[in-house]
Amino acid sequence: MLKYEVIIYWSQEDGAFIAEAPELPGCAADGRTYQEALANVEVIIQEWIETAKELGRPIPSPKGRLVFA
């Protein structure tokens, strides 16, 4: 189970919902619906973590609360 915070918002420019995991730099996905954006970012979070492991990069521990706004 992923415990990273996800922020979801509507992007008028993209015409889609954007879902970001701010604790994982560059980790974001989009979707036509809120639910689709959330499902997509869950996959991207897993891929982000797998890639970081493969490259030997640090993986931040999930904080569970918004600390970036």
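Which side chain does Ser-11 join through a polar contact of 2.9 Å? It's the side chain of Asp-14. Keep in mind that this is a predicted model.

## Around Ser-11

Ser-11 sits in strand β1. Its relative accessible area is 10%, so it counts as buried, the limit being under 20%. Leaving out residues up to four places away in sequence, Ser-11 touches Ala-16 and Ile-18.

Asp-30 is 19 residues away from Ser-11 along the chain, and the C-alpha atoms of the two are 9.3 Å apart.

## The sheet

Three strands make up an open sheet, in the order β1-β2-β3 and with antiparallel pairing. At the edges you'll find β1 (7-11) and β3 (28-31), each pairing on one side only. On average, neighbouring strands here are turned by 25° against each other, ignoring direction.

Have a look at β2 (residues 16-20) next: four bridges link it to β3 in the antiparallel sense. Phe-17, for example, has Gly-31 in β3 as its bridge partner.

## Helix and core

Helix α1 lies across β1, β2 and β3, and it runs at about 150° to β3.

The largest nonpolar core has 13 residues, and the ones touching the most other members are Leu-24, Cys-27, Ile-45 and Trp-48. Helix α1 (residues 34-55) is the top contributor to this core, giving six residues. As for Leu-24, once you set aside neighbours within four places in sequence, its contacts are Tyr-4, Ile-45, Trp-48 and Pro-60.

Definitions and conventions:
Residues are numbered from 1 along each chain as its sequence is written. This is a predicted model: local features need pLDDT of at least 70, side-chain atom pairs count only at pLDDT 80 or more; totals for chains, interfaces and linings use all residues. Side-chain values use heavy atoms; hydrogens and water are left out. A nonpolar core is a set of buried Ala, Val, Leu, Ile, Met, Phe, Trp, Tyr and Cys residues joined through side-chain atoms within 4.5 Å. Buried means under 20% relative accessible area, exposed over 50%, partly exposed in between (1.4 Å probe, protein chains only). Helices (H or I, at least four residues) and strands (E, at least two) are DSSP runs, numbered from the N terminus. Contact means heavy atoms within 4.5 Å. Two strands pair if DSSP finds at least two bridges between them. Axes are lines fitted to C-alpha atoms, for helices over the stretch in contact, and angles run from 0 to 180 degrees between N-to-C directions. A polar contact is a pair of N or O atoms within 3.5 Å; within protein, one must be able to donate a hydrogen and the other to accept it, and residues adjacent in sequence count only if both atoms are side-chain atoms.
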